[in-house]
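Subject: Structure handover

Hello,

Here is the structure to be passed on to you. My notes on it follow below.

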Amino acid sequence: MSKISNQDVQRLANLSGLQLADDEADGLRQDLDKIVEYINILGKLDTDGVEPTYQVTGLENIWRDDEIKQDLSYQQLLSLAPESAENQVKVPQVL
Amino acid sequence: MSQISDFLGKSATENVKNALERARSVEDYHALLSLTKQRALERAALVDSGQITGRLAGVPFVVKDNFLAFGAPSTASSKMLEGFDAPLQATAVEKLEAEGAICIGKANLDAFAHGGSTENSAFGATKNAHDQTRVAGGSSGGSAVVTALDVVPFALGTDTGGSIRQPASFNGVVGIKPTYGAVSRYGVVAMASSTDTIGCFATTADDANLVMEIMAGRDTRDMTTLPDFWLNSPELNKKKIGLIKDFMTDDVDSEVRKQTLKYADKLRSLGYQIEEIDLPMSKYSLAMYYIIVPAEISSNLARYDGVRYGRRAEGVKTLAELYGRSRDEGFVTENKRRIMIGSFVLSSGFFDAYYMQAQKARTLLINEFKQAFEKYDALIGPVAPTPAFKLGENTADPVKMYLADIMTVPASLAGLPALSLPAGVSSDGLPIGVQLIGSYQSDRALLELASKVEAL
């Protein structure tokens, strides 16, 4: 019995900004099903009162002076864009 | 296999030409995606004329192709970044170049470093240096193979959950995943920011130590870097090493266990006591890893949208379609799996049960390690459950592929330094590595210990 449905896959693809080809969606559904089944083992673990760890260095905010450093020119960065016009990155219609 | 010292004091141009020639002669392993011939020869001329000097003057090396480096495109083995001409270089590469090292090419990897075999490369799998029917391991498979095939004396890799250690084991070379934060990640394609590390492959522990010492240290362009601790590594003075029992079960290949015990015997002969130790949280590590890491991947890979750089789908009418189609075309299936798992564990209704639970479990794992290092200088165990598996053997089942990481992910989640060291070969002649895990910032001392074992 599958826990991840086709609708789940479409919802996750949507959240992930992926437009999946139909033939790929079903394979991914089966894969995600197996992976979720595997990671469910963590549900058995008692973590009451345990603090989560998001990072391991213990480093806290490190401040620097707000100085402008120009490592790269805007022309260099703009040249990386697949399409640009009039010094701006070009995209298709938004709305 | 050659060492860094074999290249010092020689003509840099000759060193580079020989390495390029050697790279061409082993092309059928598909370990390299590109050669940086022109730039390498230009740099070599500068070394030969004395304009560049340093501890690695004229020594050729290879970078995993998720490092931004000049001379050839930086692709992360993905269609997304195919042909991407980096406008800057990774700090790690800059530091090596400043010491005279010369990058001669870029190594294959699983696309965006997602994988454990290099089979997820968008440009084809790399073959194992010792058996062309087997995987190179991954994700830094290409870097391990060029080191093992003697193309270069060292190569750079990244290790998020075992991506240096496992291919080092599969190809019979030294690999180091340093303490989290040891080396700047500026200019390296991000995967999972809480466990991504930069390390290297080499043929000896001393060479790895030198390369890491050069790369390590604070970088104002990566605020997660630690102040340079390399030369102030804690000494291993407890003279006790813990053998991780949970890594020595029947699920692990008997030859792998045998080689691990053989290496432990060598440590004994150096005056270390070996005691078995339980690490009960390790059995939950892989589940934690495949929650936390996909979550971070889904966030880090959101930047690939077909707008500012990278692949852009053609013939699309709206912005939403541009994102969706560009990402569909630019990512391999494993990238999509991980991004979607990340979206799943972070989505409302599942966040507490998966993501938060995994981060709490991570605290418990770290506590177990802390306790262990109160008593032991280091922990020993295998790197991977088996020697290199066959090409295609695990590609149909993602969970089976993930299980190859089961003994490397604990150190990653805890941010600890860990080495993969050649221990011996299987009856089929396949290399088997052993893993040494150390306490925070004990990287240099671990490598010095490995060097003493090499000398036995």
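The expected span of a helix is 1.5 Å times one less than its number of residues. Helices (H or I, at least four residues) and strands (E, at least two) are DSSP runs, numbered from the N terminus. This is a predicted model, in which local features need pLDDT of at least 70 and side-chain atom pairs count only at pLDDT 80 or more, while totals for chains, interfaces and linings use all residues. Residues are numbered from 1 along each chain as its sequence is written, chains are lettered from A and ligands numbered from 1 in the order in which they are written, and side-chain values use heavy atoms, with hydrogens and water left out.

Helix H9 of chain B

Helix H9 (residues 319–330) of chain B has twelve residues and should therefore span 16 Å; its end C-alpha atoms are 16 Å apart, which agrees. Buried here means under 20% relative accessible area, exposed means over 50%, and partly exposed is in between (1.4 Å probe, protein chains only). The buried residues in H9(B) are Leu319(B), Leu322(B), Gly324(B), Ser326(B), Arg327(B), Asp328(B) and Gly330(B). Their cover includes helix H2 (22–39) of chain A and helix H10 (333–346) of chain B.

Arg325(B) is partly exposed at 25% relative accessible area, and Glu321(B) is partly exposed at 22%.

The interface

The size of an interface is often given as the accessible area lost when the parts come together. Buried area is that loss for two parts (1.4 Å probe), summed over both. Between chain B and chain A it is about 5200 Å², with 69% from carbon and sulfur atoms. The contact (heavy atoms within 4.5 Å) takes 72 residues from chain B and 51 residues from chain A.

Four salt bridges are counted between chain B and chain A. Lys336(B) pairs with Glu24(A) in a salt bridge, with the closest N and O atoms 2.7 Å apart. A network of salt bridges links Asp31(A), Glu334(B), Arg337(B) and Arg338(B).

Other salt bridges

Over all chains, the whole structure has 28 salt bridges. One of the salt bridges joins Asp222(B) to Arg185(B), where the closest N and O atoms are 3.7 Å apart. Asp222(B) is in the loop between helix H6 (205–215) and strand E7 (240–244) of chain B, and Arg185(B) is in the loop between strand E5 (174–177) and strand E6 (197–202) of chain B, so the pair ties together parts 37 residues apart in sequence. Asp222(B) is buried at 9% relative accessibility, and Arg185(B) is buried at 17%.

Arg444(B) and Glu448(B) form a salt bridge with closest N and O atoms 2.7 Å apart. The two are four residues apart in helix H14 (residues 443–455) of chain B, about one turn of the helix. Arg444(B) is buried at 12% relative accessible area, whereas Glu448(B) is partly exposed at 31%.

Surface of chain A

Val89(A), Val91(A), Val94(A) and Leu95(A) make up a nonpolar patch on the surface, with about 390 Å² of accessible area together. Patches are made of residues with over 30% relative accessible area and no salt bridge; like charges are joined within 9 Å and nonpolar side chains (Val, Leu, Ile, Met, Phe, Trp, Tyr) within 5 Å. Accessible areas come from the Shrake-Rupley method with a 1.4 Å probe, and for residues only the protein chains shown count as cover. Val94(A) sits in the segment after strand E2 (88–89) of chain A and is exposed, at 54% relative accessible area.

Regards

Definitions and conventions:
A salt bridge is a side-chain nitrogen of Lys or Arg within 4 Å of a carboxyl oxygen of Asp or Glu.
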